[in-house]
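Hi,

Here is the structure I promised to pass on. Have a look at it first, and then read my notes below.

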Amino acid sequence: MNPVQAAADPASQGATDPGGEQRPVTGGRLGGSKLLQGSISFIAFLVVFLIYVIWLGDKFTSTEARALDIHQNAPVLLLGLAVLVTLIAGQFDLSVGSMATLTCFLAVGLKVNQGWPFALVLVACIVAGLLGGLANGFLVVRMGVNTFIATLGTGGVFLGLSAVYSSGTQVVATAGKPQLPSWFAGTGSLGSLSTKFPAVLLWIGLAGAAVMLFLSVRRMRPPRFAERQWDAISAGAIVVLAAILFVLGLSSWVNAVSWTIAVLLIAALVMWLLLDHTTFGRYLRATGSNSTAATLAGVNPGKETMKAFVIGGLLAAIAGILLAANQGDASPNAAVSFLLPAFAAAFLSTVILSTGRFHVWGTVIGGIFLVWVSQGLIVGGLPFTWTEVVNGVVLILAVAFSSVFQARRKA
Amino acid sequence: MEGIAADSRQASPTTAAGPHDVAKEIAISGLRKSFAGNEVLHGIDLTIAGGDFVGLMGPNGAGKSTLIKVLDGVYERSSGEVRYGGELVSSLGARPEVGFIHQDLGLVDELSITDNLRLGERPLRRFGPLLDRGRERADAARALARVNLGLPVDTAVGALSPGEKTLVAIARVLDRGAKVLFVDEATSTLPPADSRRLLEALKETAAGGATVIMVSHKLSEILDATNRVVLLLDGRIVEDSPAASLDREALVSMLVAREKSESAGAGLHERKAAHAGDGPEALRLEDVHGGAVRGLDLTVRKGEVVGLTGLPGSGLHDLAHLAHGTMRPTKGRVVKPKGARSALVPPHRESQGGFADQSVTENLTISSLSRWRGPSRLLRGDRERADAQAMVERLGVKPADPEANFATLSGGNKQKVIFGRVLMSRPSLYVLCEPTRGVDVGTRLEIYALIDELAAAGAAVLVVSSDSEDLFAVCDRIAVVTDGRLSAFLTATETNPQQLEAFI
């Protein structure tokens, strides 16, 4: 083992290791290589999609069809964000799929069977999510139960409760029963792909994203470029990127965004602000990175972890509500199979536009790419029952690909 | 539990050591080691005869650990050669006759002594895949007898005392046929009784014909146990004498002499005249108990630097946590003025200080984030980055890139970043644990200057360090923590390192 690897490996870092003192310092190169390293999986996905385009043509490039994929998988992606929060804190939350199933049943059932006012139904779902998160947090933080066991257990309870509530069957609004509000489910509602989000707001959002992107590229200035020069390069890159996106049909994409997709994007935006631009996000990352150091630096890891579980529960509840809106009914185990793709999306974020860091946009993009990779194969003739296999393989390939690439660079 | 206790009739190391059992000579010549062009070992020449008990001493960062790791084969040497019994070897670690005991003993707490001894060994099988437990136990008992450890071999290692664990680790390497033992600071974390027991075992092993090379900071151990003392300074051997020719004072003067020459080389840290030290109280401990601390009173005033030292296990670091507030006293009171904040530089940089996977900025600002929070409750990233950049420049962190990953920094620079975090939180009380552990001389002097600055600016500073140089360089009052209690305070001018060593 050479000293560079020794020092990079936390286990072999001795506090008084003078060898650690002499680590070579690579300041200037980092900006460029990090950018490349973080993009490699992203580029690999694009190559896969390019192959799909050549192979499947219009059947794959159809904006409406691909938007439908995102629309249908919005609850999965929301669950990805739910597990992301706890992953950042260094914990697992395996109960989010069950929580989403439970709130899906509550959202449909409390209206259809109990006839509650729908606003109250939504409040009940949110409260269920918050309480579930609190229960997880309490078990993990206060009781010291292993996070895996705790959330596996609570997940079983949530799923079981949904089965008890529904007597194990589907809950549907049949004639003669109170119906779900027309804005919520059915044609022309929140849950329908044909209900589009106002394009103006999306354009404003995109403009904001372009500015943010410009600012972050600008910060990565390698020392060999003058500031002015790099500003021009960054601005140029953004313009080129925008042009490429327009050629690829950005405007048709903006017009294809349904309310469901918008809910996902808004949730992602809020989570991004929360995790990357607040003290809470920093404390959470510090907790996940080194809980002892966080404590000594004045952070309360228990409190932050607790918050993470509660936010995870809340997002899972929203995912369940969105699922109810999409389907208009609730079926047993509705969201349980979402757990693998949700975790896959969150883990993909560590290799998409990032080097080992969990982040919100990587989760959303990773989740969408995951869906498209399997959808492409299904469009190409693969039976849909293969979806899970494809998800598993893509997750492993993407992460392994990045690890191998990073290990190469280090060696 | 059945448990086979060590049987005294079985071969003790002394009787087992026939002539064929005596270790061969180790000859190291011209050994150099560089990291990225920076030479750490400047040509080590050392010959160790079989049966020698060598005490390897030297301050932090002198290259002791690097030397051991090069010999073990963890690091590749840059040049020079190592011979074992005249035979050229790539590393001593590759030889079955040589065993290395590191501070991390490599034992699994959950497993029994027997199972730990079998780890990595060829399995002893009855037939097929079935293990021969009886033979494993008997072997384990024989191994324990080598170090005079009379414990049931089914005991879980986690239930042993720290000293017993070290003995089990030694038994393991001896049992595998090691005749040369490198023991790297095995006693530094042991309570005195365990240390004595370990030293006895090592002495007996050496008497049986094995070579022992022991790294230690404890003067008394070196004098008591070894027959030869090698002093390593700045990657060179500066002293190599028979232990019998040395006494405590001679050893101390060897260490002090180097401190002077080292300081002269790097520009001696000018000790400022005593800080005012008559400010209002910043911290008062009243009969505080907690951890290893057993009833201790201490007052620190604004504008003064108070230094505490002691051995590991004396309660020194527990005291720091009690003063900072990360440990609650089980008895007694910790009094701080209302609204006073304290900040801590933790003793273990890697495990308690830094966030390895985060940027320098994030490491610097974590304790004072609310300062960059705007009216919208969102962090003002631009201001935060600017402040981090300023701190990086002020402390001379290399690379001067606040976006650099903390894990990529060298030890000294990591320490600077953790110092920067403490400075950024602008506390009224600084608790600095081992502020110069593992940092080079230049950084050391910078840190001393910084501490002087803090006290001059009116802060109260508590320096908790096992390195007496820290205390004499910056502290106004010095005391020793022994067994959880505090000695009387001395001023830095009243005492000297020799006297202080005697107290410890």
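Let's start with a loop in chain B: B:Asp483 sits between β21 (477-482) and β22 (485-486) of that chain. (Helices, H or I with at least four residues, and strands, E with at least two, are DSSP runs numbered from the N terminus.) Before going on, note that this is a predicted model, where local features need pLDDT of at least 70, side-chain atom pairs count only at pLDDT 80 or more, and totals for chains, interfaces and linings use all residues. Residues are numbered from 1 along each chain as its sequence is written, while chains are lettered from A and ligands numbered from 1 in the order in which they are written.

Back to B:Asp483: its phi is near 50°, a positive value in a residue other than glycine. That stands out because most residues other than glycine have a negative phi. B:Asp483 is partly exposed because it has 14 other C-beta atoms within 10 Å (20 or more would be buried, 12 or fewer exposed, in between is partly exposed, with C-beta atoms placed from the backbone).

B:Arg426 also has a positive phi, about 45°, and is not a glycine. You'll find B:Arg426 in the loop between α13 (411-424) and β19 (429-433) of chain B. With 13 C-beta neighbours inside 10 Å, B:Arg426 counts as partly exposed.

Next, a sheet. Chain B has an open one of four strands in the order β2-β1-β4-β5, with antiparallel pairing (strands pair if DSSP finds at least two bridges between them). Its edge strands, each pairing on one side only, are β2 (38-48) and β5 (87-89) of chain B. In chain B, β1 (residues 26-35) and β4 (residues 79-84) pair over five bridges, and B:Ile28 has B:Val82 in β4(B) as its bridge partner.

Finally, two helices in chain A. The axes of α12 (residues 259-276) and α15 (residues 301-327) of chain A come within 11 Å and cross at roughly 170° (axes are lines fitted to C-alpha atoms, for helices over the stretch in contact, and angles run from 0 to 180 degrees between N-to-C directions). So α12(A) is roughly antiparallel to α15(A), the word for angles over 145 degrees. Which residues of α12(A) meet α15(A)? They are A:Thr260, A:Val263 and A:Ala267, and they meet A:Leu315, A:Ile318, A:Leu322, A:Ala325 and A:Asn326 in α15(A) (contact is C-beta atoms, placed from the backbone, within 7 Å).

Cheers

Methods
Parallel < 35°, antiparallel > 145°, perpendicular 65-115°, else oblique. Contact = placed C-beta atoms within 7 Å.
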